[in-house]
Every structure is written in C-alpha cells, then in structure tokens.
Amino acid sequence: MARGRKPELDNVIPMTQGDGLSHDERNSREAERLAPDNLTDAQRAVWDRVAPELNGLGRLKPHYVDVVAEYCRAMARMMELRGDLAKHGETYTVSGRNGVQYKTRPEVAQLNEAWRQWRSIVGMLGLSPADERGLAAGQGDLFDNPFAGIARMDGG
C-alpha cells in the first residue's frame, strides 16, 4: 500500500532539546537568569510565577526585563493594599460638628492608582485576551500603507 509523503512537523514544539530540559524547565532557567536583583520577596514571587510563562510566549527579552519587573511591583503592591483593605475595611468614620461622616481610606486611592499602572503594563505585555490579539502577527503597523497591495487604475 502506497503512503503519501510524511507531513512536515514544523509547527510542533519538541518536549526537549539537546540539553535534556523540558520547555518549562528552559523557561524557568531563562526567567531566573534575567531576574532583577532588587525585587522584594513578594515581587519575586510574582516574577517566579509570571516570567517563565512570558518567556515561553517570547515576551521576556532582556530589554523587557524592566517592564516585567514593574508589572511585578504593581501586582505585589495591589496584593498588599488588598490585604490592608480586607483587614481594615474600605471606609472609616469621623465625628465632628457635622455628625458622623464616612470617609474612604487612602489605601483605596492607592489601590486604584496601582491598578491603573498594572493595567497599562498588562497591555504592553499582551497579558489579557484583547491585548494579546493586538500583539498578534499580521495586525499591521500604524504606518503600514493599507493600499499597498492594490494596483493603480492608470497603469502607473
């Protein structure tokens, strides 16, 4: 029985390469190699969780390390602020000549600002489904000519 030609498997990622490491182990090693020294323990925990995944997606390059580190700082800050708000609540009361007034804790504004910073970095790194679509190949560039493939009618 004749068989057709064998399929080309250029879209298959091998589980190991010549170094004997799995894809995940290789990503973890590269993330460890690029990790900044000045991260706190909480920030480093975020780095250890996110950086190997970003490396696997091709988004942890040496010139992106500072952006990823800022992502880790913003995420750790949000977790810290959320812990404070869970413990103390989002509001407090003051009594004065106008009676009892409810005030929002300053940590709420700090959390909102940290979230805005984090969200901006999420967009830069393509970490949400919508942002990832924006980074997809073939989306074009702001300065691409959308009419480049259209032939001119006057023959020129």
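This report describes the helices, the nonpolar core and the strand pair of a predicted model.

**Helix α3**

Helix α3 covers residues 65–88. With 24 residues at 1.5 Å a residue, this helix should span 34 Å, and the 35 Å between its end C-alpha atoms therefore agrees with expectation. Its buried residues are V65, V68, A69, Y71, C72, A74, M75, A76, M78, L81 and L85. An α-helix has 3.6 residues a turn, so residues three or four places apart point the same way.

After α3 comes G89, which has a positive phi, near 85 degrees.

**The nonpolar core**

The largest nonpolar core has 27 residues, of which W47, L60, V68, Y71 and W118 touch the most other members. At least two residues of this core come from each of α1, α2, α3 and α4. The greatest share belongs to α3, with ten residues. In soluble globular proteins, nonpolar side chains tend to be buried together.

Which residues does L60 contact, leaving aside its neighbours within four places in sequence? They are A31, L34, W47, A51, L54, N55 and V68. Two of these partners, W47 and V68, are also listed with L60 among the core members that touch the most others.

**The strand pair**

Strand β1 (residues 91–96) pairs with strand β2 (residues 99–104) in the antiparallel sense, over six bridges. Within this pair, S95 lies opposite V100 of β2.

Definitions and conventions:
Residues are numbered from 1 along each chain as its sequence is written. This is a predicted model: local features need pLDDT of at least 70, side-chain atom pairs count only at pLDDT 80 or more; totals for chains, interfaces and linings use all residues. Side-chain values use heavy atoms; hydrogens and water are left out. Helices (H or I, at least four residues) and strands (E, at least two) are DSSP runs, numbered from the N terminus. The expected span of a helix is 1.5 Å times one less than its number of residues. Buried means under 20% relative accessible area, exposed over 50%, partly exposed in between (1.4 Å probe, protein chains only). A nonpolar core is a set of buried Ala, Val, Leu, Ile, Met, Phe, Trp, Tyr and Cys residues joined through side-chain atoms within 4.5 Å. Contact means heavy atoms within 4.5 Å. Two strands pair if DSSP finds at least two bridges between them.
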